[in-house]
Amino acid sequence: MGSAVSIQRVAKHFGRLQALAGVSLEIAEGEFFGLLGPNGAGKTTLISCLAGLVRPDSGRLSVLGADVAADYRAARRLLGVVPQELVFDPFFSVRETLRIQSGYFGLRNNDDWIDEILANLDLTSKAGTNMRRLSGGMKRRVLVAQALVHKPPVIVLDEPTAGVDVELRQGLWQFVQRLNREGHTVILTTHYLEEAEALCGRIAMLKEGRVVALDTTSNLLARFSRHALTVRLTAGGALPEALRGRATPSDGGWQFRLAGYHEVEPILAALREAGCTFDDLRLTQADLEDVFVGVMQGEGLGEGVGEGHGEVPARGAVP
Amino acid sequence: MIGFRTLLYKEVLRFWKVGFQTVAAPVLTAMLYLMIFSHVLDAQMRVNGVRYAAFLVPGLVMMSLLQNAFANSSSSLIQSKITGSVVFVLLPPISYVEFFFAYVVAAVLRGLMVGAGVVLATVWFAPLTFVAPWWIVAFAVLGGGILGAFGMIAGIWADKFDQLAGFQNFLIMPLTMLSGVFYSIHSLPGVWQQVSHLNPVFYMIDGFRFGFFGVSDVPPETSLAVVAASFLIVSATTLALLRSGYKLRY
């Protein structure tokens, strides 16, 4: 499959701030791609460059082969963007808003699809309501609906669940996952790392305008292994001398950092030999938060990171 | 012109939904001017052989038309910039030329509606003649177009409502009020006649008034040339701003 989104050496500065310092990314058709990074890392600037809201100083961006500057009409028709800010036009009702947005893309009589989006986002009962009267969560849903009126093959969601309640978040993700299954490419920025971990097949991490990590989610988790074994011994039991060196006190018990699961058995054997019994025993796995903190603190990820590389695995393929 | 029609429709719907404020209110203001000034002056003076109240009506119509054309595009743009909803028109495949024409045509339409409202509301006070209707139409459309495009420049440039209010109060109001709406510039001392000739709004009003009475301070052809040139200059400037993405696409 071809590239849904191609970003080549894109740089942008605002005054003295280098918002993007040569970002390159290739996102394949059908991917569910995550763009992570702390505030000010350049995520929104990058998305804005893709959407034509920000003009890069240098570099090229294209959506399904359409250059966002030279062939902007095609590029914008292929792209649906849910902006981060909760914006709305206070003059119109939900249905008017969606009809107008359809018209901007040259679509008239789009009511069948509008009805379908409204139903999927649980907005049908609000169709005639003025935008001003909607709650924040409802306005957020309308923003998603607006991004979808022209059935874009590539959908960009910029922090769509910021400040949104759990129920809406779940519903929104089900809908977006369905769109992804139906073939839409989805690009997501979020602060909720568990969301990215659960949804995204591949993740890029941005820091100070650069890509500092780029890999499949599972590879990122594997490379930043933070497996640990935590045991709480029954009262009276003492940790054998041989294990003291590598255990750290944790939560009323002891924690062993593991390089892999093969280290579990020898530790348990040593405890058994010493006659220890347990009140509690837990294995903890790395999560994306560990990876994120590690990357942002500058622990390099080795190969696959930096400028200009662009290997794109097929959807679902985990090398 | 894919998005043009919808953007124009949206812009018209926007002011029409608050028509009480955007159309009815300026008509009432113009009526108040007419009632007061004609009460004071109608019996005492004639201008260019026309009764004062009748002379005043076209001036008031044009002044309202121009001010409302400016208000429409400028307030629509600054509102959508400040609330952020301008992204809805920046994300779709709408060219800057379509963008320009949608806002300007909507501004002209609001201006024409207000102008027509003023004519209808004041028709009982002063008998009007329509000597050269095509001149009336030409000056109304071009004048509304100039102020509509100028409103776009102001709306794009201003970051805050008070900056836009400054534009409106310190530039548009003096230019329109001192353009010969309430008097013939021949009644002014020499130096102020010269100054008035530098004000493009003077030509809009003078040419517009010619269409009603067939008399004017300067030949209507001269006025039309000045107004058409102004329209081209302001439009070219607005289009250049839009093309560059100034304060819209960073």
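Me: Which way does helix 2 of chain B cross helix 3 of chain B, left-handed or right-handed?
Reply: The crossing is right-handed. A crossing has that name if the near helix is turned clockwise from the far one by less than a right angle, and is left-handed if anticlockwise. Helices here (H or I, at least four residues) and strands (E, at least two) are DSSP runs, numbered from the N terminus. This is a predicted model, where local features need pLDDT of at least 70, side-chain atom pairs count only at pLDDT 80 or more, and totals for chains, interfaces and linings use all residues. Residues are numbered from 1 along each chain as its sequence is written, while chains are lettered from A and ligands numbered from 1 in the order in which they are written.

Me: What angle do those two make?
Reply: Roughly 155 degrees, with the axes of helix 2 (residues 19-41) and helix 3 (residues 52-83) of chain B coming within 10 Å. Axes are lines fitted to C-alpha atoms, for helices over the stretch in contact, and angles run from 0 to 180 degrees between N-to-C directions. Helix 2 and helix 3 of chain B are therefore roughly antiparallel (angles over 145 degrees count as that).

Me: And which residues meet there?
Reply: From helix 2 of chain B, they include P26(B), Y33(B) and F37(B), and from helix 3 of chain B, L56(B), V57(B) and L60(B) are among them. Contact means that C-beta atoms, placed from the backbone, lie within 7 Å. The residues of this contact are eleven nonpolar, three polar and no charged (Ala, Val, Leu, Ile, Met, Phe, Trp, Tyr, Cys and Pro count as nonpolar, Asp, Glu, Lys and Arg as charged, the others, Gly among them, as polar).

Me: New topic: what's the strand order in the six-stranded sheet of chain A?
Reply: The order is 6-7-8-3-9-10, in an open sheet with mixed pairing. Two strands pair if DSSP finds at least two bridges between them. Strand 6 (79-82) and strand 10 (210-216) of chain A each have a single partner strand, so one side of each lacks a neighbour in the sheet.

Me: How many bridges join strand 7 of chain A to strand 8 of chain A?
Reply: Five, and these strands run parallel. For example, I155(A) has V186(A) as its bridge partner. Helix 5 (residues 136-148) of chain A packs on the sheet too, touching strand 6 and strand 7.

Me: Last one: how many residues of chain A touch chain B?
Reply: 23 residues of chain A are in contact with 22 of chain B. Helix 2 (72-77) and helix 3 (94-104) of chain A each supply at least two residues of chain A's side.

Technical notes:
Parallel < 35°, antiparallel > 145°, perpendicular 65-115°, else oblique. Contact = placed C-beta atoms within 7 Å.
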